[in-house]
Amino acid sequence: MTALGLKGRVILAFGVLSLGVALAVSGSAYLFARNYLVAQREGSGITRALLDARALTAAISEGVDPGDAIADLPVVGGAQALVRVDGTWYTRGVAASPDDIPPGLLSEAERSGAARQRFRVSDGPVFAVAVASDQDVYLELSPLTDLDRALRAGGWFVVAISLLALALGALLGAWAARRLL
């Protein structure tokens, strides 16, 4: 293998510099956007779950059947609600069964009053919020499939832009090397 000449080193330097700048700028923008979107989705999921848990607990304490009470909760963003009352599970939706729920999530909610966790079910990733009261545990699963898909597309976009920057930097380096040498 022969060593790169001066022209080759100039082309390589421009390409690598362009790649580094593109990765730094687009990568940091991607990470900022990712963290913001995940925090927004989780924050709205927590707020909605706390409000729904309060409404469900109030309905059950007034004597409403847990199955009827959970059916009356509004469905927002494809969220699935589950409630365990006196050891019996009631659900609205079929995206996840009680067996899909990580035991650590339920035990943390029972211990501290509330817990949250991201995990996967058969339909894809979900964000779960569990809220415990005296005799029941309310669980709300918010699907993250759309967010996951958007973040994956954003990651591929960062890769494509970085490779484009590498190619454009190499072309600029070739032009500069021809002009200078």
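**Notes on the predicted model**

1. The cover over the buried residues of α3 includes β1 (80-85), β2 (88-92), β3 (114-121), β4 (124-132) and β5 (136-143), where contact means heavy atoms within 4.5 Å. Helices (H or I, at least four residues) and strands (E, at least two) are DSSP runs, numbered from the N terminus.

2. This is a predicted model, in which local features need pLDDT of at least 70 and side-chain atom pairs count only at pLDDT 80 or more, while totals for chains, interfaces and linings use all residues. Residues are numbered from 1 along each chain as its sequence is written, and side-chain values use heavy atoms, with hydrogens and water left out.

3. In helix α3 (residues 103-112), the buried residues are Leu105, Leu106 and Ala109. Because they cover an arc of only 95° around the axis, they lie on the same side of α3, the arc being that of the directions from the helix axis to the C-beta atoms. Pro103 and Arg111 are exposed on the other side of α3; buried means under 20% relative accessible area, exposed over 50%, and partly exposed in between (1.4 Å probe, protein chains only). Just after α3, Gly113 adopts a positive phi of about 100°.

4. Helix α1 (residues 6-61) and helix α4 (residues 145-180) have axes that come within 7 Å and cross at roughly 160°, and α1 is therefore roughly antiparallel to α4. Axes are lines fitted to C-alpha atoms, for helices over the stretch in contact, with angles running from 0 to 180 degrees between N-to-C directions; angles under 35 degrees count as roughly parallel, over 145 as roughly antiparallel, 65 to 115 as roughly perpendicular and the rest as oblique.

5. Within helix α4 is Ser162, which counts as buried because its relative accessibility is 2%. Apart from its neighbours within four places in sequence, Ser162 is in contact with Leu19, Ala22, Leu23 and Ser26.

6. Ser97, in the loop between β2 and α3, counts as partly exposed at 29% relative accessibility, and its C-alpha atom is separated by 8.6 Å from that of Leu82, 15 residues apart along the chain. Thr88, placed in strand β2, is partly exposed with a relative accessible area of 38%, and 9.6 Å separates its C-alpha atom from that of Pro66, 22 residues apart along the chain.
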